[in-house]
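Good morning. I will go through one structure, chain by chain, and then turn to where the chains meet.

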Amino acid sequence: MTDGLAAYIVRRLLFVPITLLIVSLATFYITRWGPGDPVSVYSGQFRDEEAFDRVRHQYGLDKPIIQQYGIWLRDVVTDGDFGVSFRYRDRDIPEVIGPRIWVSARLGLYAFIITFLVGIPTGIYAAVRQGTWLDPVIIGFFLLFQSIPVVVAVPMLVMLFAVWLDWVPPGGFDGLVSRSMLIPTLALSVPGIAGVARLARTATLSTLHDDFVRTARAKGLDEATVVFRHVARNSVVPLMTTVVGLSLVGLIEGALFTETLLGIPGIGSFIYEAVRSQDYNVVLAVVLLITVAFMVANLVVDVALIALDPRVRDSGSVR
Amino acid sequence: MSNRLTLAVLGVAAALILALAVVLIVVVAGGDGDKDTAGSGGAQTPSASEDGNGNGDSEAGAGELRLRGDDPLTLDPATAQDAGSAFYIVEIFSGLVRLDKDLQVQPDLAERWDISPDGKTYTFHLNPDATFHDGRLVTAEDVKYSFERALSGSTASIVAENFLGDIVGAKDVSRGRAEEVSGISIAGDTTIEITIDAPKPYFLYKLTYPTGFVVDRRQVEANPRRWTNKPNGTGPYKLKEWRLGEEIVLEAYDKHYLGAPKLKTVRLELSGGSALIEYEDGNLDLTGVGLDDLPRVQDPSDDLNAEYHQVPRQSIDYIGFNTTAPPFDDEKVRQAFALAVDRKKIAEVSLQGAIPTATGIIPPGVPGFTSDDKTYGFDPNRARELLAESSYAGDLPEITMAESGAGATVGPTTEAIVQFWREELGVEVNIQQAESGTFFSDIDQGRYQMFHIGWIMDYPDPEDVLDVLFYSTSKQNNTRYANAEIDAMLEAARVEQDSEARLATYQDVEKRLIESAVWIPMFFDVAHVLVKPYVQGFEFPPMVIERFRDVVVQR
């Protein structure tokens with residue numbers, strides 16, 4: 001049985017480089033295809049096409065894209081060199097991205113936890129209360145918050161907490177234990193709660209009337225035990241893969257706006273800036289990093305599920 | 001049964017709220033304690049003021065200035081081409097000459113220079129006390145190396161030819177035909193001779209731009225890609241710390257050849273929320289003010305009003321016509337469009353009077369500028385007449401004006417301008433927005449009929465706008481304007497040694513260009529700044545020049 005799991009992990013890991021190769025090639029092409037290039041962007045009012053061409057030549061930007069990709073790939077594989085950033089010319093790309101990731105990771109931590117801790121119980125509760133007024137009211141309440149775009153929610157939160165109440169700074173990031181966490185945590189967690197709650201609700205509903213639940217009730221177990229021990233374990237736990245993935249997407253999407261609006265130097269505001277200024281290599285590096293994060297998160301959750309699920313675990317084979 | 005479930009859920013919710021509350025209390029309480037000790041500038045304040053008390057009037061500087069900044073694109077003087085990078089470079093590095101706050105050329109690394117009678121050869125005598133931050137003396141060899149490195153292809157500088165290209169042989173190096181610049185020769189340890197291709201009076205101005213600043217060869221060659229992380233410059237400040245996206249700290253170089261800076265530390269916060277709120281909270285000593293906050297700081301009854309300053313900047317916002325594209329190849333159409341726009345009203349209504357209307361092409365502070373309005377006034381009747389007289393009367397092609405932008409909303413002034421054309425001329429002008437990179441290169445390729453754009457002076461000489469933008473074969477002639485008479489005047493002005501005659505020529509060129517409506521000069525730029533009263537000696541130069549050395553901060 002452990003053999004099966006190990007083989008499964010190895011098989012999944014084999015796909016990582018293939019996926020990365022496809023993603024990198026696609027991103028490389030897409031970013032370099034469009035009009036304009038970083039040399040032109042960063043030259044601002046200096047318009048000297050001859051000088052541009054000399055600089056493009058120096059950076060190899062005058063070569064065919066596929067050849068540029070080959071060079072890039074070679075440098076990444078042999079030297080871990082992701083190329084130059086045109087915005088941060090004095091630094092290597094990992095060095096530029098590292099601190100930004102660290103900021104975003106800390107920024108999203110509370111939001112990630114709160115989304116689960118609030119979303120899942122809410123969804124279960126709404127499912128159990130299906131058919132009463134509480135179900136639509138609870139889900140509707142969180143849907144309302146989900147419907148407010150982050151670009152609107154963030155300025156409203158700033159207005160409320162930073163200007164009127166004057167509790168927190170209007171932006172920036174002062175560390176995990178600081179008042180500056182309040183607005184990003186709310187902005188990143190509240191919209192996600194509805195999504196998680198609805199998934200948990202649907203999953204719970206589908207299990208709520210299964211035979212084993214009826215048996216549990218028939219045994220005379222009280223409702224809380226039935227719901228938490230029997231229903232939730234069988235409905236919500238398998239949901240985790242989807243939910244973790246979705247929450248990650250939500251966090252990264254949210255980070256893009258939240259960080260840009262609040263002036264927080266995280267990966268979200270960074271990719272916004274890089275895309276806008278056509279800083280090819282940086283966009284590419286960030287996209288790859290996010291891809292890796294997804295794959296790793298999904299793999300870890302899948303493996304955890306397999307390890308926990310007796311049906312999969314004991315059958316000795318994994319899909 | 002179900003009551004227990006309700007209780008359980010409520011219990012979980014309560015626990016969560018409780019946990020959040022505890023976190024908040026800890027954070028708020030902790031934050032209060034933090035604020036004055038660990039806040040970006042706070043921690044340094046006590047030690048900085050101790051320095052101040054301890055050293056008093058002694059040589060070493062004291063005090064700390066805290067402001068907002070941005071990560072520079074680069075700290076390499078050779079490749080820097082933007083004001084954001086130059087802002088730091090002029091403090092950390094230095095060149096042969098610099099601009100003072102009145103934009104006059106002053107000695108820097110060169111303590112004096114001689115110009116040959118033909119105006120083509122400059123002999124610079126370096127300050128014998130000039131040292132790099134590590135104490136090594138600056139030699140003529142360092143200057144020569146720095147110029148040649150800037151020009152060399154492998155440095156990949158877009159601006160090197162622009163600022164150093166007047167030197168004889170410079171283009172041979174930038175085009176890879178030579179290793180050494182033939183017009184630069186070393187005439188002793190601290191003497192260097194530079195020969196330029198024609199007697200151009202603005203050559204010294206070009207040397208005040210970072211491109212020609214001196215770098216430490218050993219450091220650059222030891223670590224070509226990363227040396228700027230801890231540059232060994234020759235400027236009044238050392239780069240003490242640069243944490244990307246967080247903070248840059250400059251520290252006075254007390255052994256600087258022009259004397260120790262009075263201000264010990266400059267701390268630039270590279271991220272954060274509203275700078276105005278941070279300024280009000282006392283975390284910043286000076287800050288810029290955005291258009292939205294202007295009415296407030298301009299209100300005399302507001303506390304901030306006493307700390308508010310308006311600073312002219314040497315740049316101009318204009319509408320340029322592609323003079324080869326229909327219908328703007330007809331001068332009368334251009335004139336009609338210029339006469340139909342009431343710029344004063346736009347300035348009042350859309351810009352809340354915060355930005356002055358342009359009086360010509362040469363911005364204030366640049367020699368040759370005059371404050372009398374040389375532009376077309378608002379005269380809709382005359383505008384309609386001219387349009388009717390033009391070769392496109394009654395038969396105008398579709399017209400599109402381009403501007404830089406993300407495509408979501410049009411700037412308030414653009415909207416107003418288009419409305420004037422619609423109402424006064426009955427012409428509907430489309431607006432096309434493009435990302436700045438695309439926008440600039442499309443202008444270069446003449447893809448737009450007209451464009452709304454700006455020009456920031458690189459050095460305070462009218463040549464930097466009139467010759468660079470209107471000489472027929474200039475690379476930056478974005479209006480594609482070609483007039484043999486104007487070209488002849490510009491050529492003469494380049495080498496005219498009598499500065500009054502030279503400026504008169506430029507003013508004449510300016511007048512003709514405005515009359516022919518190659519541009520509609522719209523606005524001169526102004527920066528709006530708040531400075532705490534305890535900051536003394538902070539100048540507001542209209543261009544990027546060294547600015548921290550003489551600042552005194554006494555909180």
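Predicted model: local features only at pLDDT ≥ 70, side-chain atom pairs only at ≥ 80, totals over all residues.

Some overall values for chain A. Its C-alpha atoms fill a box of roughly 85 × 60 × 30 Å along the principal axes. Chain A has 319 residues, and 38% of them count as buried. Take the contacts in chain A with a separation of 6 or more: 73% of them come from residues 24 or more positions apart.

Now chain B. How many helices and strands does chain B have? The count is 18 helices and 18 strands. Chain B has 555 residues, of which 45% are buried. For contacts between residues at least 6 apart in sequence, 68% in chain B join residues at least 24 apart.

I will pick one sheet from chain B. It is an open sheet of four strands, in the order β4-β5-β7-β6, and the pairing is antiparallel. Which strands of chain B stand at the edges? They are β4, residues 110-115, and β6, residues 184-186. Each has a single partner strand, so one side of each is left without a neighbour in the sheet. On average, neighbouring strands of this sheet are turned by 20 degrees against each other, ignoring direction.

In our case, β4(B) pairs with β5(B), residues 121-126, in the antiparallel sense over five bridges. Within that pair, Ala110(B) stands opposite Leu126(B) of β5(B).

A helix packs on this sheet: α4 of chain B, residues 140-151, which touches β5, β6 and β7 of chain B. The direction of α4(B) makes about 160 degrees with that of β6(B). This helix has 12 residues and reaches 17 Å from its first C-alpha to its last, close to the 16 Å expected.

Is α4(B) mostly covered or mostly uncovered? Mostly covered, with nine of its 12 residues buried. Among them are Val143(B), Phe147(B) and Leu151(B), but also Asp142(B), Glu148(B) and Arg149(B). The cover over these buried residues includes β5, β6 and β7 of chain B, along with α5, α6 and α8 of chain B.

Next, the cores. The largest nonpolar core has 148 residues, and those with the most contacts inside it are Ile89(B), Ala336(B) and Ile520(B). Strand β16 of chain B, residues 519-531, gives the largest share of this core, six residues. Beyond its neighbours within four places in sequence, Ala336(B) is in contact with Ala383(B), Leu386(B), Leu387(B), Ser390(B) and Leu425(B). Apart from this core lies another, of 67 residues, including Tyr88(A), Leu182(A), Ile183(A) and Val231(A).

Last, where the chains meet. The contact takes 50 residues from chain A and 51 from chain B. On the chain A side, α2, α3, α5 and α10 of chain A each supply at least two residues.

Technical notes. Residues numbered from 1 in each chain as written. Chains lettered and ligands numbered in written order. Buried ≥ 20, exposed ≤ 12 C-beta atoms within 10 Å, placed from the backbone. Contact = placed C-beta atoms within 7 Å. Pairing = 2+ DSSP bridges. Axes fitted to C-alpha atoms, helices over the stretch in contact; angles between N-to-C directions. Core = buried A, V, L, I, M, F, W, Y, C linked by C-beta atoms within 7 Å. Expected span 1.5 Å × (residues − 1).
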